Amino acid sequence: MAIDRADWHWDSAEKAFRERTGKQGELTEEQQDEVWRYAADHIGLFLRWIIDNGYEGTDEEIVDQEECDLVRRGEISGVDYLMNNCDGKFW
């Protein structure tokens, strides 16, 4: 069961993006990626906190420790971790 998912927030993120940019019509792939980042931002912030505080766990089948180290070092964001490793879903 998911606790939170980026796709649950797509509509409000798209609306905010369009209001901010004035974009009408179809979104480019790059613009869609930006909307996904809006939709996932709050989850990514929470994941960053989890990883920074060592609460991500040790199960190698679930947690990619190398990616967690990238988050800790600030080389990728919590949103990047969420989208790349968790399919945009916080379980």
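This report walks through the fold, the helix packing and a few individual residues of the structure above.

The model is predicted, so bear in mind that local features are given where pLDDT is at least 70 and side-chain atom pairs where it is 80 or more, while totals for chains, interfaces and linings use all residues. Numbering starts from 1 along each chain as its sequence is written, and side-chain values use heavy atoms, with hydrogens and water left out.

## Overall picture

The protein has four helices and two strands. Here helices (H or I, at least four residues) and strands (E, at least two) are DSSP runs, numbered from the N terminus. Read from the N terminus on, the order of elements is β-α-α-α-α-β. The C-alpha trace spans about 45 × 30 × 20 Å along its principal axes.

Of the 91 residues, 34% count as buried; buried means under 20% relative accessible area, exposed over 50%, and partly exposed in between (1.4 Å probe, protein chains only). Taking contact to mean heavy atoms within 4.5 Å, 50% of the contacts between residues at least 6 apart in sequence join residues at least 24 apart.

## How α2 meets α3

Two packed helices are described by the angle between their axes and the distance between the axes. Helix α2 (residues 29–52) and helix α3 (residues 65–72) have axes that come within 9 Å and cross at roughly 100 degrees. The axes are lines fitted to C-alpha atoms, for helices over the stretch in contact, with angles running from 0 to 180 degrees between N-to-C directions. The pair α2 and α3 is therefore roughly perpendicular; angles under 35 degrees count as roughly parallel, over 145 as roughly antiparallel, 65 to 115 as roughly perpendicular and the rest as oblique.

On the α2 side the contact is made by Arg48, Ile51 and Asp52, and on the α3 side by Cys68, Val71 and Arg72. These residues divide into three nonpolar, no polar and three charged. In this scheme Ala, Val, Leu, Ile, Met, Phe, Trp, Tyr, Cys and Pro count as nonpolar, Asp, Glu, Lys and Arg as charged, and the others, Gly among them, as polar.

In α3, the buried residues are Glu67, Cys68 and Val71. Seen down the axis of α3, they fall within an arc of 105 degrees, so they line one face of the helix; the arc is that of the directions from the helix axis to the C-beta atoms. Those buried residues of α3 pack against α2 and α4. After α3 comes Gly74, with a positive phi near 75 degrees.

Helix α4 (residues 78–85) has Gly78, Val79, Tyr81 and Leu82 buried. Viewed down the axis of α4, these lie within an arc of 160 degrees, so they too line one face of the helix. Their cover includes α2, α3 and β2 (89–90).

## Polar contacts

A polar contact is a pair of N or O atoms within 3.5 Å; within protein, one must be able to donate a hydrogen and the other to accept it, and residues adjacent in sequence count only if both atoms are side-chain atoms. Here are some side-chain pairs and helix-start pairs.

| Partners | Where or what | Distance |
|---|---|---|
| Glu56 and Arg72 | side chain to side chain | 2.2 Å |
| Arg5 and Asp7 | side chain to side chain | 2.6 Å |

## Residues worth a look

Glu56 is in the loop between α2 and α3. With 16% relative accessibility, Glu56 counts as buried. Leaving out residues up to four places away in sequence, Glu56 touches Ile50, Ile51, Val63, Gln65, Cys68 and Arg72.

Arg5 belongs to strand β1 (residues 4–5). Beyond its neighbours within four places in sequence, Arg5 is in contact with Ile43, Gly88 and Lys89.

Asp87 sits in the loop between α4 and β2, and is exposed, with a relative accessible area of 55%. Most residues other than glycine have a negative phi. Asp87, however, has a positive phi near 55 degrees.

Finally, Ser12 lies in helix α1 (residues 10–21) and is partly exposed, at a relative accessible area of 48%. A polar atom of the Ser12 side chain lies 3.2 Å from the backbone oxygen of His9.
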